[in-house]
Amino acid sequence: MTEGRANEQNRDIRVPETIPALFLLSGILCAFRDMMYAPFCLAAAAAAGVITILILQISAMFPRVSGIVRGGIYGAGIMCFLGFILYIAQGFLDTINRFMILWNLRFSTEFKQFSVDGRAAAGALIFWCLLSVLLGAFVLVLVKKRYIGSLLLLIMISLLAGFILGRSGMWLSVLFLLSGCFGSLAFSAAPYRRRGLWGRLCALFVGAVFLVLFFAAGGYEGLSQIAGLRERAVVWYESFRYGEDTLPKGDTGKAGGLLQGERETLILETEKPQELYLKGFVGGTYDGRMWKELGPEAYQGEYEGLLEWLETKNFSAVTQFAGYDRLTGASEDSYPGRVQVQIKNVGAYRKYIYLPSSAEDFAGAGAKVKKDWQVRSGRFFGAKEYRFDSVDEAPSADEAVLAPWIQSPSGKEEKDYLGAEAVYSSFVQEYYTEVDKELKEEIEEMFFEEAGEMDFRGVTAQIRRVLRQETRYARKPQGVPEGQDFVEYFLTGQRRGNAVHYASAAVMAYRTAGYAARYVEGYHLSEDEARILSEGNQTAAVLTNQNAHAWAEVYFPGAGWMPVEVVPGMYTELYTDQVVEGAPAYQVNSDQTEKGLELEGGAGGEEEKEEKRERTTLTFRGVLSAILLCMYISFALYLALEFQRAVRLVLRRRRAGGLVQPAELYAGDLERMLLIGRVSGNYNHPMELSGEVEKRFRGISRGEYERAVTLLQKVRFGKKELLPYETHALNCFKEKLSRILYCQKSAWGKAVIRYWYALY
């Protein structure tokens, strides 16, 4: 009868182990679904894993066949692997390709994919089914052995992979993993071996906790902090590798911090100081809130292999103007002047090799051309020192005049250049002229409604005039309301902005007028600063955050990408008598006080209010960040405590694993609990402690305690084995004693019992 009841109990305890294992397996597979060939791979993998777990659990109820079943599953897996190894290899390569594609999209890398054939679909199906079988068996072992630390590590890896690399929603994966995590913790911490009401209460508790968390958060969409984990991880990874600076890198929400601080960023060394627009981030597409680089789809289809073909023609979009200038000098029998510049990056974002659009030769820091945008460092921690040659006194786009040889090329080199330029120019017109329809209509009405036909210089003058008349420069403008288009709000709403606002508006205006343009961020050595260096015979210039800048870059057909300045106060026009060179904050379009002093922001009251609002916002964000940081630290501490507790319990079980009756383990735990419960007396004679135990542990009678001591002495001193019902009685007494001890303690005492003493 006793053996029958034990077998029945063993069958009952399979359910609490099975349910968390099924949830965890489903959550892990859902987290990796974007790395699968198609949705049918996810369905097949989930089915294979679930069937494996159920078969293993059912076979565990019958010890005589459980080993045979496990061997059969693993044997079938090995035979399937050997029989379909060619298919599985293709499926594995397809999975690696998808992983690298996601990695490239997330971290802007360019890992090459492996070549796969038509067996990739079937191979991926078989590969994920076999992997799911192994994963299901592994998860089941972790749950059964109560290795909570390993389970939490597996969950964290799955969530990080899904949130950081995945492109699909993670709500289903989070649902399954939370359910499995709560179930594993609850059933591992509670004495779930008891049947009946207690097991049902545990299951009910797990379900209630999950439902409260899920619906209180409004579903997965309400978990904004979890949803932001992916972006925060990418930002941390980028800042760890390349450092940080004040450039928004296309994020218009960070425009207000463009000129924040006085930290040194770049140190320039050159024998001939001159104005330089050193570009870093280049934005080709605009979504109303963000500037982004052109996506990989732009270099596929019709233009696939374009950049590689241009290289065969010795044509580079990044150094195009220098190549044009060299051919111009050759056609005029004059040597084109070059200026060499050495740069040391001491505080700027090290991912970029900051170069002007007129750069020709650059070396150092593993410099690599990135598409047709800019030059980046190939080193893990980015660029620290490099050099480049630049065209001497290179003009801006509004000052440029095409050389005569463009209209009548004579030599082969000139003809090859124009042939390559024509192909690249069509690509530029295709992808750098896009404007949202509604925004285009507003810009046409605001900038060009009353203007007649104009050439490029006329368009530039018109854009500058409208921006100068309709807007005001502000170093720290207010943020754009949620849901508002950044450029539209600047032009028709706030009408105040810094270089980020002016450059963004100018790019859209040039595109509306039919000219290819893009948004650029970097550092600007102004003409005034270069002149001061020359007059003082100085060759070194130190750029700081105050030199951070944004500008428009326009494609000048035949000559390439060239910068255009549109910020009031940072350009000179022949038809104006205003001294507008230098810092824009104290020149054109500044508001005036009653005393007539020209100050940015007018009388100061409005600016002071803005600063107060900004300080209030920063304080609120600081408090919120501190709260979130405390939550993350608390969760990390909880994981560490649970992990060390699980490790200590495993080691304790292994030390007692060789004993027929783990009496030493029971005796050690009972003695430890009596000490924690402040039972005083002679522990060498445990029977004498019965009165004190009854006093300290309400609910424990003398008879129960003495019965447990007698059983332990039977094993330790009598060298006899306990019968099954005696072992069960001893185990129940220990659990009852630990439960009473736990309930009598405060929250701190309970934490000490669980993590310091690591009791069961």
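Tutor: Of the 760 residues of the protein chain, 47% count as buried, where buried means under 20% relative accessible area, exposed over 50%, and partly exposed in between, with a 1.4 Å probe and protein chains only. The model is predicted, so local features need pLDDT of at least 70 and side-chain atom pairs count only at pLDDT 80 or more, while totals for chains, interfaces and linings use all residues. Residues are numbered from 1 along each chain as its sequence is written, and side-chain values use heavy atoms, leaving out hydrogens and water.

The secondary structure of the protein chain comes to 25 helices and 16 strands; these are DSSP runs numbered from the N terminus, helices being H or I with at least four residues and strands E with at least two. Among contacts (heavy atoms within 4.5 Å) between residues at least 6 apart in sequence, 74% join residues at least 24 apart.

Now the salt bridges. A salt bridge is a side-chain nitrogen of Lys or Arg within 4 Å of a carboxyl oxygen of Asp or Glu, and by this rule the count comes to 22.

One of them lies within a single helix: Asp 94 and Arg 98 are both in helix α5 (residues 85-107), 4 residues apart, about one turn of the helix. The closest N and O atoms of Asp 94 and Arg 98 are 2.9 Å apart. Asp 94 is buried, at a relative accessible area of 6%, whereas Arg 98 is partly exposed at 25%.

Another salt bridge joins the side chains of Lys 279 and Glu 553, with an N to O distance of 3.1 Å. This pair links distant parts of the chain, 274 residues apart: Lys 279 belongs to strand β2 (residues 276-283) and Glu 553 to strand β15 (residues 548-556). Lys 279 and Glu 553 are both buried.

A further pair is Glu 704 and Lys 736, whose side chains meet at 3.0 Å, N to O. Glu 704 lies in helix α23 (residues 702-716) and Lys 736 in helix α24 (residues 724-744), so the pair ties together parts that are 32 residues apart in sequence. Glu 704 is partly exposed at 30% relative accessibility, and Lys 736 is partly exposed at 23%.

Finally, there is a network of salt bridges, which links Asp 325, Arg 326, Arg 338, Glu 360 and Glu 413.
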